[in-house]
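Here is a short briefing on one protein model. Keep the structure open as you read, and find each residue as it comes up.

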Amino acid sequence: MRRALALARGVLYTTTPNPRVGCVIVRDGQVLGEGATQPPGGPHAEIRALRDATERGHSVEGATLYVTLEPCSHHGRTPPCVDAVLAARPARVVVAMGDPNPQVNGRGLAQLRAAGIAVDVGVCVDEALELNPGFVARMQRGTPWTWLKLAASLDGRSALHNGMSQWITGPEARADGHHWRARSCVVLTGMGTVLADDPQLNVREVTTTRPPRKAVVDARYAIPENARLLDGSEVLVFTARSDPAKAERLARRNVQTILMPGDQPQRVDLDGMMRWFGEHDVNEVHVEAGAGLSGALLSAGCVDELLVYLAPMLLGDAAGMVRMPMIDHLDGAQRFEFTDFTRVGADARLRARVAARWQALRQGLDGAPR
């Protein structure tokens, strides 16, 4: 199963909106075939592994098939994988996690068991979920898994009062951040960042054939038409202001304008934006924004995980990482659970997530009743 997980990690940047899945077929300690899910429309991991076994001259009858996600049992872009597995007649199938897709959700496992194949579920389930939190979130709750990237000094400052912030962290931390951009489906920022930094929002430190889409929260629809991120790649602009003429001009440059007014004037409905993402096959959202949008997303409950890069410096009286309403008691604090601490060059990377949301994703994936 750990080899299957490694195969799934190898397609981390390419499979979305499909999950990242790996498969290994073994008999008597010998690997007969292995494979990982290909980009949308391509074969899934089980099909790749079965084909690999055939190309090696092996029959998999009576073998054990290890796969990081329950074999699908519905017709999507490809036929059901469970049919191919049944036809190959392995003796046993070991699954890391059940498929939360309502079109599958245990049906694949049931078909295998009905055919007399031994099935085990829940082997390395946590590692499998780490590879696919966005897919599971979209299937279970209809919204993507969203992390907020922050870069700050040890005293939590992200920019000087004159706006200077480049660069608080070192080149290794910035390169590491591009890995998180590359694995996401969407890189999201706000108009404050566009106006202050004119970012490209692309992936420059990681080679990928599927760059993420770019998205901007732009309530007043003020995005400059010469902004660097408008480079011909797909851009989503969420706004509260209608301007059909501008929308038409931008559409010719591969920019989709989504009118998403909130319940307050000149505000974008952030919850609605996350639901829109879920409806449009977005699994993971990577946020790189200023203190205003970062705080607004946190206040709206749209952030599942924090990705914080800390530089070993103190900036004193400078701008904070997020701007949120003042609270009078610690009971009102937003709380996260640390999950990782890693040294990245001269800096440190901290990961923390909302524990209850992670547990909600985790529930039932090991085959237990939901």
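A salt bridge here is a side-chain nitrogen of Lys or Arg within 4 Å of a carboxyl oxygen of Asp or Glu. By this rule the count comes to 26 salt bridges. The model is predicted. Side chains of opposite charge can pair when their charged atoms come close. The points below take up salt bridges, cavities, backbone details and the nonpolar core.

**Salt bridges**

- Arg 89 pairs with Glu 61 in a salt bridge, and their closest N and O atoms are 3.1 Å apart. Arg 89 sits in the loop between helix 3 (81-88) and strand 4 (92-97), while Glu 61 sits in the loop between helix 2 (45-55) and strand 3 (64-69), so this pair ties together parts 28 residues apart in sequence.
- Arg 92 forms a salt bridge with Asp 120, with the closest N and O atoms 2.9 Å apart. Arg 92 belongs to strand 4 and Asp 120 to strand 5 (residues 118-121), so the pair ties together parts that are 28 residues apart in sequence.
- Arg 92 is partly exposed, at a relative accessible area of 31%. Asp 120 also counts as partly exposed, at 32% relative accessibility.
- Glu 288 forms a salt bridge with Lys 149, and here the closest N and O atoms lie 3.9 Å apart. Which parts does this pair tie together? Glu 288 is in the loop between strand 12 (284-287) and helix 11 (291-299), and Lys 149 is in strand 6 (residues 145-153), so the parts joined are 139 residues apart in sequence.
- Glu 288 and Lys 149 are both buried.
- Some bridges share partners. In this way Glu 130, Glu 305, Arg 351 and Arg 353 join into one network.

**Cavities**

- How many cavities of 30 Å³ or more does the structure hold? There are two.
- The largest cavity contains about 60 Å³ of space. Its lining includes Thr 15, Thr 16, Asn 18, Pro 19 and Arg 20. Asn 132, Gly 134, Phe 135, Arg 183, Cys 185, Asn 283 and Glu 284 are also among the lining residues.
- By class, the lining of the largest cavity has three nonpolar, six polar and three charged residues.
- Domain 1 (1-131) and domain 2 (143-355) each give at least three residues to the lining of the largest cavity.
- The second largest cavity has a volume of about 40 Å³. Glu 130, Glu 305, Arg 351 and Arg 353 are among its lining residues.
- The lining of the second largest cavity divides into five nonpolar, no polar and five charged residues.
- Strand 6, helix 7 (171-183) and strand 16 (347-353) each supply at least two residues of that lining.

**Backbone details**

- The peptide bond from Thr 16 to Pro 17 is cis, with omega near 10 degrees. Pro 17 lies in the loop between helix 1 (2-9) and strand 1 (22-27). Thr 16 also lines the largest cavity.
- Asn 254 is not glycine, yet its phi is positive, near 70 degrees. Asn 254 is in the loop between helix 9 (244-251) and strand 11 (255-259). With a relative accessible area of 37%, Asn 254 is partly exposed.
- Asp 281 is a residue other than glycine with a positive phi, near 65 degrees. Where is Asp 281 found? Look in the loop between helix 10 (270-279) and strand 12. Asp 281 counts as partly exposed, at 35% relative accessibility.

**Nonpolar core**

- The largest nonpolar core has 53 residues. Which residues have the most contacts inside it? They are Ile 25, Val 60, Val 93 and Met 97.
- Strand 4 gives the largest share of this core, five residues.
- This core draws at least three residues from each of domain 1 (1-131) and domain 2 (143-355).

Conventions
Residues are numbered from 1 along each chain as its sequence is written. This is a predicted model: local features need pLDDT of at least 70, side-chain atom pairs count only at pLDDT 80 or more; totals for chains, interfaces and linings use all residues. Side-chain values use heavy atoms; hydrogens and water are left out. Helices (H or I, at least four residues) and strands (E, at least two) are DSSP runs, numbered from the N terminus. Buried means under 20% relative accessible area, exposed over 50%, partly exposed in between (1.4 Å probe, protein chains only). On a 1 Å grid over the protein atoms alone, a cavity is a set of points where a 1.4 Å probe fits but cannot get out, and a pocket is an open set with protein on both sides within 12 Å along at least five of seven lines; lining residues have an atom within 4 Å of a point. Grid points are joined across faces, edges and corners, and a volume is the space filled by probe spheres set on the points. Ala, Val, Leu, Ile, Met, Phe, Trp, Tyr, Cys and Pro count as nonpolar, Asp, Glu, Lys and Arg as charged, and the others, Gly among them, as polar. Domain bounds come from an automatic or database domain assignment. A nonpolar core is a set of buried Ala, Val, Leu, Ile, Met, Phe, Trp, Tyr and Cys residues joined through side-chain atoms within 4.5 Å.
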